[in-house]
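Dear colleague,

Here is the structure I promised to hand over, and my notes on it follow below. Please keep it open beside this message as you read.

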Amino acid sequence: MTQEGNKVAVVGGDGIGPEVIAEGLRVISAAGISLQTKSFNLGGARYLEDETILPDEILEEWRAFDAIYLGAVGDPRVTPGVIERGLLLKMRFELDLYINERPFVAADHNFVVIRENTEGAYAGEGGVLRKGTPSEIATQGSVNTRMGVERCIRYAFETAMKRRKHLTLVHKTNVLSFAGDLWQRTFDELATQYPEVVTDYNHVDAACIYFVEDPARYDVIVTDNLFGDILTDLGGAVSGGVGLAASANLNPPRTSPSMFEPVHGSAPDIAGQSKANPIAAIISGAMMLDFLGFDQAASKIKQACHDCASEQGSTTQIADAVIAKL
Ligand code: IPM
Ligand code: MN
């Protein structure tokens, strides 16, 4: 099947990244979809070779692509934060990937977290004074703009309309009174435009308990960047493990390519041994197909992945099992 809008930049990255992405691409072809792919060597290993992280020329080149399919980046030999900020966060910010969508499906629940992806504590606001002295001061602010909060919450309402029409705002409005108030007011205002959607609110600490004790209460959750980061690791843990957790970093107006990646990291300890579970990468690939308009192939792959959720074996064997179910 051919279709326009299928130019995909592939970044295998570090550790298990290239292994799981190779299986994701194999499953996509097995589902009958042919993508125009181009590989880019980026990540910790590349940084150690030539000290480049994400050159502006590559960012510019990517603007002509429809999507980016990324394995994992990070290398224990590189100072923590360098690749995260220089590559992943730079992509999210420069390409304005303002939605981070993370679905969680298990026998007794099926919900999706819509995480704001360009603001909050990730914005880099703050600084340090008197570093290394006993009177050192460090601040790290949370940036919340009306525009950023509104477009994220709107996307969450739109998502809820396509699902079971239930949306929960997760925040900490009882303590984060300035940011929480902006989120709550924006949420309440948009709710009047989506009267069919039943809305709810949970403090983030309470949401952690519900994730473990009663995840079936959720359909769509919308939350800020840092709460979303933490909650989605917990979401993975209660939904069969992080080896199954997929994500889409989306630019909904499609003014730049969206990026699709498993939630897990590069797991250097098991790299090159065919031990990594490729399911998270395969589902991320299916989310990419969905976004590119191949919705039938996407749902076939997602269903096959859920059927293989408890499959054991090598990276390749698990992907083979998924392909056998297509
Ligand atoms: C994630 C990761 C990233 C984040 C890190 C690697 C910067 O944990 O995608 O959840 O915090 O967003
Ligand atoms: Mn995370």
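In the side chain of Tyr 122 there is an N or O atom that lies 2.6 Å from an oxygen atom of ligand 1, a polar contact being a pair of N or O atoms within 3.5 Å, where within protein one must be able to donate a hydrogen and the other to accept it, and residues adjacent in sequence count only if both atoms are side-chain atoms. Before going on, please note that this is a predicted model, in which local features need pLDDT of at least 70 and side-chain atom pairs count only at pLDDT 80 or more, whereas totals for chains, interfaces and linings use all residues. Residues are numbered from 1 along each chain as its sequence is written, chains are lettered from A and ligands numbered from 1 in the order in which they are written, and side-chain values use heavy atoms, with hydrogens and water left out.

Arg 92 also has a side-chain N or O atom 2.7 Å from an oxygen atom of ligand 1, and for Arg 102 the distance from a polar side-chain atom to a ligand oxygen is 2.8 Å.

The residues around ligand 1 (near means that a heavy atom lies within 4 Å) are Glu 84, Leu 88, Arg 92, Arg 102, Arg 115, Tyr 122 and Asp 229.

Elsewhere, Ser 256 is buried, with a relative accessible area of 9% (buried means under 20%, exposed over 50%, partly exposed in between, with a 1.4 Å probe and protein chains only). A polar atom of the Ser 256 side chain lies 2.4 Å from the backbone oxygen of Leu 95.
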